[in-house]
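Below are some short notes on the attached model, for your files.

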Amino acid sequence: MSNILLDVKGLEKTFHQADQSLTILKDLDLQLRAGEIAALVGPSGAGKSTLLQMIGLLDKPTGGTIMVGDKDASNLNDSARTSLRRDSIGFVYQFHNLQPEFSAQENVMIPQMIAGKSRADAMARADKLLGALGLAHRLDHRPARLSGGEQQRVAIARAIANKPRILLADEPTGNLDPHTADHVFEMLIQLTRSAGIGALIATHNMDLAKRMDRVLELKDGKITVR
């Protein structure tokens, strides 16, 4: 179907150490459609972060295929993987990973300029996104002068600045207090839906998970729908 943004089939990931092997993901299937927001849940150590790394083309699977749109990312070289990741995938982490020496505005501009956008256009989009996230008055503030919730909102703006088709989030509210987490989550959902992005959000917060379109549980290396 044309609205399938992500199609993972038979994904496997095995880690080898000395004479031992540990299989984290095995024969895993997963699809994500445009505009869909899916929660990824599972116990600690189940492999949620590993799965996001595979889907995000930051690490290579041991086996299986990962289709991003109509492109098979499974056998791409490093340069092609980097290009596809830059153009199609956005990331939000538990710890925002903002560049401390740059302002909120600059943190959102940088990935756009790396992708070839002019400084003026990158600034305009950064201002628009940060404004939509309630940070118009914080554009020139560096991360150290922002609250945890504000920093994570900057990270969300940065993740979607290049208009990715897929957003991957790894415990994006896990480092926030409950009230702030709820506020940041609502903004993330609103911005994602309005852009028609497909989002896969790993979380331990089942209250948040139940507010998404689907809840996918990773257990024993495979995905099941709750």
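1. Buried means a relative accessible area under 20%, exposed means over 50%, and partly exposed lies in between. The model discussed here is predicted. At a relative accessible area of 12%, Glu36 is therefore buried, being under the 20% cut-off.

2. Glu36 forms a salt bridge with Arg214, with an N to O distance of 2.5 Å. The two partners come from distant parts of the chain, 178 residues apart: Arg214 belongs to strand β9 (residues 214-219), while Glu36 sits in the loop between β2 (20-33) and β3 (37-41). Arg214 is partly exposed, at 26% relative accessibility.

3. A second pair is Asp7 and Lys9, whose side chains meet in a salt bridge at 3.9 Å, N to O. The criterion is a side-chain nitrogen of Lys or Arg within 4 Å of a carboxyl oxygen of Asp or Glu, so the 3.9 Å pair is counted. Asp7 is buried, with a relative accessible area of 16%, whereas Lys9 is partly exposed at 48%.

4. Arg86 and Asp87 also form a salt bridge, and their closest N and O atoms are 3.2 Å apart. Here Arg86 is partly exposed, with a relative accessible area of 34%, and Asp87 is partly exposed as well, at 42%.

5. Which residues does UniProt list for "domain: ABC transporter"? The unreviewed entry gives residues 6-225. Over residues 6-225 the chain is 36% helix and 29% strand, and the end C-alpha atoms are 16 Å apart.

6. Strand β8 (residues 198-202) is largely enclosed by the rest of the structure, because 5 of its 5 residues are buried. Both of its faces are covered: Gly198, Leu200 and Ala202 are buried on one side, and Ala199 and Ile201 on the other.

7. Two strands that pair with β8 are β3 and β7. Strand β3 runs parallel to β8 and is joined to it by 4 bridges; Leu40 stands opposite Ala202 of β8. Strand β7 (residues 166-170) also runs parallel to β8, with 5 bridges between them, and Leu167 has Ala199 in β8 as its bridge partner. From β7 the chain crosses through helix α6 (residues 178-195) to β8, and this β-α-β crossover is right-handed.

How values were computed: Residues numbered from 1 in each chain as written. Predicted model: local features only at pLDDT ≥ 70, side-chain atom pairs only at ≥ 80, totals over all residues. Heavy atoms only, no water. Buried < 20%, exposed > 50% of the residue type's maximum accessible area, 1.4 Å probe, protein only. UniProt positions renumbered as here; feature names shortened; annotations may be inferred. Pairing = 2+ DSSP bridges. Right-handed = clockwise from strand over helix to strand, strands pointing away.
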